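I opened my notebook to record what I looked up in this structure, one topic at a time.

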Amino acid sequence: MKRQNVRTLSLVVCTFTYLLVGAAVFDSLESETERKRWEFLQDMRNGLINKYNITREDYRMIEIVITENKPHKAGPQWKFAGAFYFATVVLAAIGYGHSTPVTIGGKAFCMAYAMVGIPLGLVMFQSIGERLNKFASVVIKRAKEFLRCSHTDATEINLMMAIGTLSFFITTTGAAVFSRYEGWSYFDSFYYCFVTLTTIGFGDYVALQNDQALTKKPGYVALSLVFILFGLAVVAASINLLVLRFMTMNVEDVRRDDSEMVPASQHVLTLEGEMLSINGKLIADRTDSSGGGGY
C-alpha cells in the first residue's frame, strides 16, 4: 500500500509539473505571435472600415455573417451524411465544434445521445483494441517461430512496438490523404490526424468542410469516417496496453507488500488475559491454579 501511495503522489506531482512546463512553453512560443496577429487584424479592420465607410456595427455584422456561413461550405451539415459525421464526432468525444445543434430539441438530444454514446464508444474501442493486441501477439509469435527465436511469446515491449508502428503508419498515411484532399501542408495534415486520434479535437483543422464535400464526395466521407474509427481503435489498443501495465504494477506492489508482512507476523506478541503467545504458540499461562506457571 505504501508503494501505491507513493506512486499516486508522484503521478500527481509529475502531472502538475508537466502542466506548468507546458504552460510556460506555450506562452513562450505563441503569445508574441498572438499579439502580432491581433494587431494586424485590428489594422485590417480599421482599414476596411475607413475604405468602405462603414460603421463598426456593420463590420461586426459582416463578421457574424462570415463566421456563420463557414460551416455551410461543406454542404448541408444536418442531412444524413453530415449528421452521421457529427454523430461519429460526438461518440468518439472529439468535439471539433465545426457544427453544433441550435434547436432546444437538438441540444437536449445531443446531451442524451452523448451520455449513452460516449461510454458505448469507449467500451467498443477498448474491446477492438484488445482484439488488435491479441491479433498482434499471435502475429509476433508466428514471426518469432519462423525466425526460430529462443523465446517465441510476445512480450509487452513487442506489442507496444507493433501497435506504435501501426499507429504511426495510420497517422502518416492519413496525413498524406488529407493533405491531398484538403489542400493542407503535410505537417498541418499530420497535426490534424494527431489531434483527431487523441480526441483533443481543437477544431482549427476539420476535414470535409470545403467544396460541398459532404454531399459531392461520398467516397472521401467514407474514408474519413473509417480513418477516425479505425484510428481510434488502434489508439485504444495502445491505451489498453498501458492500462494493463499499470494494473500489473499495482498487483505486483500488493503481492510485495503482502510478502513483506508475512515475516513480520512471525514475531507478533499476543497477550490475552493471563496468556502470552507468539504467532499463536502458547509461551506462558498464569491461569494455572498451582501457581507454578510463571513467565
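I began with the record: UniProt positions are given in the numbering used here, feature names are shortened, and annotations may be inferred rather than shown by experiment. The unreviewed UniProt entry places "transmembrane region" at residues 78–96, 108–128, 157–178, 190–208 and 220–246.

I noted that this is a predicted model, where local features need pLDDT of at least 70 and side-chain atom pairs count only at pLDDT 80 or more, while totals for chains, interfaces and linings use all residues. Residues are numbered from 1 along each chain as its sequence is written, and side-chain values use heavy atoms, with hydrogens and water left out.

I checked two of the spans for helix (a DSSP run of H or I, at least four residues; strands are E, at least two). Residues 108–128 are 100% helix and 0% strand, with end C-alpha atoms 30 Å apart; residues 220–246 are also 100% helix and 0% strand, and their end C-alpha atoms lie 39 Å apart.

Next I looked up Thr-196, which lies in helix H6 (residues 186–197). Is Thr-196 buried or exposed? Thr-196 counts as buried because its relative accessibility is 0%, where buried means under 20% relative accessible area, exposed over 50% and partly exposed in between, with a 1.4 Å probe and protein chains only. Leaving out residues up to four places away in sequence, I found that Thr-196 touches Ile-94, Tyr-96, Ile-228 and Leu-232, contact meaning heavy atoms within 4.5 Å.

Last, I listed what Phe-178 touches under that sequence limit, including Trp-184, Tyr-192, Tyr-220 and Phe-227.
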